[in-house]
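Below are my notes on the model you sent over, as numbered points. Please read them with the structure open.

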Amino acid sequence: MSTAKKEYKRITVKSLTEMKAADQKISMLTAYDYTMAKIIDSAGVDVILVGDSASNVMAGHETTLPITLDQMIYHASSVVRATERALVVVDLPFGSYQSDPKEALRSAIRIMKESGGHTVKLEGGKEVMESIKRILNAGIPVMGHLGLTPQSIYKFGTYTVRAREEEEAAKLKKDALALEKLGCFALVLEKVPAKLAQEVAESLSIPVIGIGAGAGVDGQVLVSHDMFGMTHEFHPRFLRRYMNLYEDMGKAVSQYVSDVKSTDFPNENEQY
Ligand code: KIV
């Protein structure tokens, strides 16, 4: 395959495979609503993830577990309406795919039909292979997710780095290969040692997109509210903040309050 940088009008799962083969890094950010998705898509991000992190950043839950399939569909349909170029990946929420493959397929079909999303993502390796197979057989592209899998937080007990030990690293490598073999089009690796992530990326032909997984992978994903600095209490080492919107928006609100109280707002030009 040519290594020339290709411009894409619309990103598809095939584009991502081509990007990896051409050594072109993939950019991915989360979005959960129309306005944010519009900004992110227009600025040229390759993949928009409607993550179940909506449970945390949009709804204020402590974990990703409470968000429902209906809520994910609501967020995803808003994002899809805003998107012209990016590939839209939608998380299957906790409880919508773990119990049996038929239910997993039903959930994935609902996401595709009701939100217009382009692919689904789900967490786990060997344990969810049958569900992934069912979904793929229906022609729905699947992105895998290994390493720190937040839907299993109560099993892990903490959000610390995963697969530091040899046994867990070996399982992760095996799962990654199995996901590729099954037909997943890409894989998210969350919070694992950079060396391990690079080894996995080099061993697969599908793109590996990292979050807290170092620079040796094929692309990066961040939660948009974190990279914009809207969530000011969360500062893991892997997070680069590009703005400090928590402070800037807070200042704007204070100014607005003060302008209203002092009757500075609205002025003559701001009324009919
Ligand atoms: O839900 C989410 O935002 C995610 C990313 C952290 C990869 O799954």
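1. In this predicted model, 32 residues line the largest pocket. Those nearest its centre are Ser-53, Asn-56, Val-223, Asp-226 and Phe-234. The space in this pocket comes to about 730 Å³.

2. Several secondary-structure elements each give at least two residues to the lining of the largest pocket: strand 1 (26-30), helix 3 (54-57), strand 6 (186-190) and strand 8 (219-222). Sorted by class, the lining of the largest pocket holds 15 nonpolar, eight polar and nine charged residues.

3. Where does the ligand sit? It is placed in the largest pocket. The residues around the ligand are Thr-30, Leu-49, Gly-51, Asp-52, Ser-53, Asp-91, Lys-121, His-145, Val-188, Glu-190, Ile-211 and Val-223. By class, the shell is made up of four nonpolar, four polar and four charged residues.

4. For Ser-53, a polar side-chain atom is 2.5 Å from a ligand oxygen. In the side chain of Asp-52, an N or O atom lies 3.0 Å from an oxygen atom of the ligand. The corresponding distance for the side chain of Asp-91, again to an oxygen atom of the ligand, is 3.1 Å. As for cover, the ligand on its own has 260 Å² of accessible area, and the protein covers 96% of it.

5. The second largest pocket has about 480 Å³ of space. It is lined by 23 residues, with Gly-124, Glu-127, Thr-149, Ser-152 and Lys-155 closest to its centre. Two or more lining residues come from each of strand 5 (142-147), helix 7 (153-156) and helix 8 (166-182). The classes in this lining are nine nonpolar, seven polar and seven charged residues.

6. Two backbone features deserve a look. Which peptide bond is cis? The one from Phe-265 to Pro-266, where omega is near -5°. Pro-266 belongs to the segment that follows helix 11 (245-261).

7. The other backbone feature is at Ala-163, which is not a glycine and yet has a positive phi of about 60°. Ala-163 is located in the loop that runs between helix 7 and helix 8. Helix 7 and helix 8 were named above for the lining of the second largest pocket.

Terms used:
Residues are numbered from 1 along each chain as its sequence is written. This is a predicted model: local features need pLDDT of at least 70, side-chain atom pairs count only at pLDDT 80 or more; totals for chains, interfaces and linings use all residues. Side-chain values use heavy atoms; hydrogens and water are left out. A residue is near a molecule or strand if one of its heavy atoms lies within 4 Å of it. A polar contact is a pair of N or O atoms within 3.5 Å; within protein, one must be able to donate a hydrogen and the other to accept it, and residues adjacent in sequence count only if both atoms are side-chain atoms. Accessible areas come from the Shrake-Rupley method with a 1.4 Å probe; for residues, only the protein chains shown count as cover. On a 1 Å grid over the protein atoms alone, a cavity is a set of points where a 1.4 Å probe fits but cannot get out, and a pocket is an open set with protein on both sides within 12 Å along at least five of seven lines; lining residues have an atom within 4 Å of a point. A molecule sits in a cavity or pocket if more than half of its atoms lie within 2 Å of its grid points. Ala, Val, Leu, Ile, Met, Phe, Trp, Tyr, Cys and Pro count as nonpolar, Asp, Glu, Lys and Arg as charged, and the others, Gly among them, as polar. Grid points are joined across faces, edges and corners, and a volume is the space filled by probe spheres set on the points. Helices (H or I, at least four residues) and strands (E, at least two) are DSSP runs, numbered from the N terminus.
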